[in-house]
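Good morning, and thank you for making time for this presentation. I would ask you to keep the sequence and the structure in view while I speak.

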Amino acid sequence: MKKFLIVPSILSANFCHLGREIKTMMHAGCNLIHFDVMDNHYVPNLTMGPMILESIKKNKIQVLFDVHLMASPVDSLIPLFYDLNVKFITVHPESTIHLDKTIQLIKKIGCGVGIALNPATSLHYLDYIMGDVDLILIMTVNPGFGGQTFLPYILKKIQQVRYLIDKNKKSVILSVDGGINLSNIVQIIQSGADYIVIGSALFHSQNYLQAIQDFKDIVV
Ligand code: DX5
Ligand code: ZN
């Protein structure tokens, strides 16, 4: 089976103990943490912003973040993530009027550029930006909430994006987000995913280390 990385989504973490939750995931070998920013406008939910990452940095928790911006307008938010240990900033193309400009803002603060594609979003959005993209995030639920059910028909889209990446620019990371659990991870990886974003299936488990091990064991 091909190599993959589990990226815990802290949307489902216990926010009373966020530092501890992240450290437990680091202890389990996860050095990249998915950070869902929701604004109650682009998606019908309200979550967290850069202040939380400032606090994590101040407390010297040495982890990198994979920031998933579900917000509109989004441009004014991007500079706020500067120098906060953010490896990627991922935006939804529909959330911004001038996508190229948004991409340049992400690059300007030294982060990798991610493009998120909702279940109904066309791959055509990638046509003119592939050269600037570092990560493509395929949503396997409609964004807005953790704990939703995986949409199996998106597997085909994952395969299509894998093909596109292999044909065009092999270094782009293919990430998948939403409803991932032990019953679907094998198909997702077989479809070509590199990063597997997992929220509730990890943070709602009794033992995070064991849960991560279970995911690794099932993918052999
Ligand atoms: C959904 C978020 C996801 C969410 C995934 O809009 O973008 O990152 O945390 O959570 P699960 O794994 O519970 O679907
Ligand atoms: Zn996400």
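**Pockets, zinc site and backbone details**

I begin with the second largest pocket, where strand β1 (5-8) and helix α7 (208-218) each contribute at least two residues to the lining. Please bear in mind throughout that this is a predicted model. The volume of this second largest pocket is about 190 Å³. Its lining consists of Phe4, Leu5, Ile6, Gly29, Cys30, Asn31, Leu32, Leu64, Lys87, Tyr195, Ile212 and Lys216. Sorted by class, that lining comprises 8 nonpolar, 2 polar and 2 charged residues.

Let me turn to the largest pocket. It holds about 310 Å³ of space. Which residues come closest to its centre? They are Gly146, Gly147, Asp177, Gly178 and Gly179, out of 29 residues that line the pocket. At least two lining residues come from each of β2, β3, β8 (195-198) and α6 (200-203).

I now come to the metal site. Which residues coordinate the zinc ion, ligand 2? The coordinating residues are His34 through NE2, Asp36 through OD, His68 through ND1 and Asp177 through OD, at 2.1 to 2.3 Å. Along the chain, these donors follow the spacing H-x1-D-x31-H-x108-D. Asp36 belongs to strand β2 (residues 32-38) and His68 to strand β3 (residues 64-70), so this pair ties together parts that are 32 residues apart in sequence.

Why is the arrangement around the zinc ion (ligand 2) called octahedral? There are 6 donor atoms, and the angles they subtend run from 72 to 172 degrees, which makes the arrangement octahedral. The criterion for six donors is that opposite ones are over 155 degrees apart and all others between 65 and 115.

Are Asp36 and His68 buried or exposed? Both residues are buried. For Asp36 the relative accessibility is 4%, and the residue therefore counts as buried, the limit being under 20% relative accessible area.

Next, the annotation. The UniProt record, an unreviewed entry, places the feature "active site" at Asp36 and Asp177. These two residues span 142 residues in sequence, yet no two of their C-alpha atoms are more than 10.7 Å apart, so they gather at one spot. Asp36 and Asp177 are both included in the lining of the largest pocket.

In the unreviewed UniProt entry, "binding site" is placed at His34, Asp36, His68 and Asp177. This set is spread over 144 residues of sequence but clusters in space, with a largest C-alpha distance of 10.7 Å. From this set, the lining of the largest pocket takes in Asp36, His68 and Asp177.

Most residues other than glycine have a negative phi, and most peptide bonds are trans. Where does this model have a cis peptide bond? Such a bond joins Ser72 and Pro73, with omega at about 0 degrees. Pro73 is located in the loop between β3 and β4 (86-91).

Asp83 is also found in the loop between β3 and β4. Asp83 is not a glycine, yet its phi is positive, at about 60 degrees. With a relative accessible area of 48%, Asp83 is partly exposed. Asn85, too, has its place in the loop between β3 and β4. The phi of Asn85 is near 60 degrees, a positive value in a residue other than glycine. Asn85 has 29% relative accessibility and so counts as partly exposed.

My last item concerns Gln187, which lies in helix α5 (residues 185-190). Gln187 counts as partly exposed because its relative accessibility is 40%. Gln187 and Val219 are 32 residues apart along the chain, and their C-alpha atoms are separated by 9.4 Å.

Thank you for your attention.

Key
Residues numbered from 1 in each chain as written. Chains lettered and ligands numbered in written order. Predicted model: local features only at pLDDT ≥ 70, side-chain atom pairs only at ≥ 80, totals over all residues. Heavy atoms only, no water. Donors = N, O, S within 2.8 Å, 3.2 Å for Na, K, Ca; no water. Tetrahedral: all angles 85-135°; square planar, octahedral: opposite > 155°, others 65-115°. Helix = DSSP H or I, 4+ residues; strand = E, 2+ residues; numbered from the N terminus. Buried < 20%, exposed > 50% of the residue type's maximum accessible area, 1.4 Å probe, protein only. 1 Å grid on protein atoms, 1.4 Å probe; cavity = no way out; pocket = protein on both sides within 12 Å on 5 of 7 lines; lining within 4 Å. Points joined across faces, edges and corners; volume = space filled by probe spheres on them. Nonpolar A, V, L, I, M, F, W, Y, C, P; charged D, E, K, R; others polar. UniProt positions renumbered as here; feature names shortened; annotations may be inferred.
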